[in-house]
Amino acid sequence: MRPEMKNNTITETETLLDMAASWNPVWAEIDRLRAALALIRGDRDAAIAAYNAALRKDVMHMPTRRALAILYV
């Protein structure tokens with residue numbers, strides 16, 4: 001994928017996640033997906049922050065717990 005297409009796709013995805021968060025702000029999956037996007041961008045610190053935000057919403061959110069554990073290993 002060309003870099004400009006990748007950037008457009010990430011931007012569009014972030015916009016959709018913002019919309020989803022406005023509809024359901026307590027859904028931890030939105031923050032997990034934000035973390036995945038941060039990792040795609042290469043921003044590990046932002047990913048960790050997004051994973052932690054997801055866990056604050058749902059401490060038992062297993063996809064987030066698993067992804068964060070992998071990130072720390």
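Is Trp27 buried, exposed or partly exposed? Trp27 is partly exposed, because its relative accessible area is 45% (buried means under 20%, exposed over 50% and partly exposed in between, with a 1.4 Å probe and protein chains only). Welcome to a predicted model, in which local features need a pLDDT of at least 70, side-chain atom pairs count only at pLDDT 80 or more, and totals for chains, interfaces and linings use all residues. Residues are numbered from 1 along each chain as its sequence is written, and side-chain values use heavy atoms, with hydrogens and water left out.

**Confidence**

- The chain has an average pLDDT of 95, and 100% of the residues score at least 70 (pLDDT is the predictor's confidence in each residue, from 0 to 100).
- Among the elements of the chain, helix α3 has the highest mean pLDDT, 98, while helix α1 (residues 3-23) has the lowest, 92.
- Helices here are DSSP runs (H or I, at least four residues), numbered from the N terminus.

**How α1 meets α2**

- Two packed helices are described by the angle between their axes and the distance between the axes.
- For α1 and α2 the angle is about 165 degrees, with the axes 10 Å apart (axes are lines fitted to C-alpha atoms, for helices over the stretch in contact, and angles run from 0 to 180 degrees between N-to-C directions).
- That angle makes α1 roughly antiparallel to α2 (the word applies to angles over 145 degrees).
- α1 passes α2 in a left-handed crossing, meaning that the near helix is turned anticlockwise from the far one by less than a right angle.
- Residues of α1 including Ile10, Leu17 and Ala21 meet residues of α2 including Ile30, Leu33 and Leu37 (contact means heavy atoms within 4.5 Å).
- By class, the contact of α1 with α2 has eight nonpolar, one polar and five charged residues (Ala, Val, Leu, Ile, Met, Phe, Trp, Tyr, Cys and Pro count as nonpolar, Asp, Glu, Lys and Arg as charged, and the others, Gly among them, as polar).

**How α2 meets α3**

- α2 and α3 pack at an angle of about 170 degrees, and their axes are 8 Å apart.
- These two helices, α2 and α3, are therefore roughly antiparallel to each other.
- The contact of α2 with α3 has 11 nonpolar, no polar and six charged residues.
- On the α2 side, Asp31 is one of the residues that meet α3.

**How α3 meets α4**

- Helix α3 (residues 44-57) packs against helix α4 (residues 62-72) at an angle of about 150 degrees, with the axes 10 Å apart.
- This angle makes α3 roughly antiparallel to α4.
- The crossing of α3 past α4 is left-handed.
- Among the residues that meet here are Ile48, Tyr51 and Leu55 in α3 and Leu68, Leu71 and Tyr72 in α4.
- Their contact divides into eight nonpolar, two polar and two charged residues.

- Asp31 sits in helix α2 (residues 28-41) and counts as buried because its relative accessibility is 8%.
- Leaving out residues up to four places away in sequence, Asp31 touches Ala50, Ala53, Ala54 and Lys57.
- Arg56 lies in helix α3 and counts as exposed because its relative accessibility is 67%.
- Arg56 and Ala28 are 28 residues apart along the chain, and their C-alpha atoms are separated by 8.2 Å.
- Trp27 belongs to the loop between α1 and α2.
- From Trp27 to Asp58 the distance is 8.0 Å, C-alpha to C-alpha, although they are 31 residues apart in sequence.

Key: Angles under 35 degrees count as roughly parallel, over 145 as roughly antiparallel, 65 to 115 as roughly perpendicular and the rest as oblique.
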